Every structure is written in structure tokens, then in C-alpha cells.
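Colleague: Hi! Could you walk me through this model?
Modeller: Happy to, here it comes.

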Amino acid sequence: MIYDASICELHGERMTRFPVPITWGHPTDWNYHPSAGRTLSEDELARFPHYLERVNGGCVKFRGMSDTADVYICPACVSAFQRLRK
Ligand SMILES: [Zn+2]
């Protein structure tokens, strides 16, 4: 099979590009998910490799840089994340 970057390697679902906010600076906790309201374990994060709430843009935001980045989001990954929130 030819590698297809738009297919989730975990769920095999076709993903769509979706804009997510870019955060700037160094987050102290990479695994903190604002909408879950807590820090998720590596084990939990492994269940949704293609669900992101934010992207880190680096240390410094320069003028003219976008506030969002388009990333591939997998619908099954979103569902997996939503199950964790409950
Ligand atoms: Zn997925």
C-alpha cells in the first residue's frame, strides 16, 4: 500500500484538514488538553494520534504569521478523545 498522509494510521479513516490555533512560547505541559481540563497520559494520547487542539509554533511569534495551522484531523480520533473527556 502506498503511504497516504491523509489516512489515520491507527483507525484507517480518511482525515480532513482543519485549522487549529497555534500557541507560541514553551508550554510547560505538552499533554495538557484545555477542553479535557486535564493532562492526559501518554497511554491516553496514543488513542488519538490525529486529534489536536493546538499546534506549537515555536518560541516567538513574528508579525504576519498566522494564528492557525491546518492539520489533519481524524474523525475516529476525535471520537476517541471525546470518550476520554467523559
Ligand atoms: Zn484516527
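Modeller: Starting at the N terminus, the chain's elements run β-β-β-α-β-β-α. Helices (H or I, at least four residues) and strands (E, at least two) are DSSP runs, numbered from the N terminus. This is a predicted model, where local features need pLDDT of at least 70, side-chain atom pairs count only at pLDDT 80 or more, and totals for chains, interfaces and linings use all residues. Residues are numbered from 1 along each chain as its sequence is written.

Colleague: Thanks! What order do the strands of the open sheet have?
Modeller: The order is S4-S1-S5, an open sheet of 3 strands with mixed pairing. Its edge strands, each pairing on one side only, are S4 (55–56) and S5 (68–73). Two strands pair if DSSP finds at least two bridges between them.

Colleague: How many bridges join S1 to S4?
Modeller: There are 2, and S1 (residues 16–23) and S4 run parallel. Thr23 has Asn56 in S4 as its bridge partner.

Colleague: New topic: which residues make up the largest nonpolar core?
Modeller: Cys8, Met15, Phe48, Tyr51, Cys74, Cys77 and Phe81, 7 residues in all. Such a core is a set of buried Ala, Val, Leu, Ile, Met, Phe, Trp, Tyr and Cys residues joined through C-beta atoms within 7 Å. Buried takes 20 or more other C-beta atoms within 10 Å of a residue's own, with C-beta atoms placed from the backbone.

Colleague: And what share of the chain counts as buried?
Modeller: 9% of the 86 residues.

Colleague: What does Cys74 touch?
Modeller: Leaving out residues up to four places away in sequence, Cys74 touches Cys8, His11, Glu13, Met15, His50 and Tyr51. Contact means C-beta atoms, placed from the backbone, within 7 Å.

Definitions and conventions. Buried ≥ 20, exposed ≤ 12 C-beta atoms within 10 Å, placed from the backbone. Contact = placed C-beta atoms within 7 Å.
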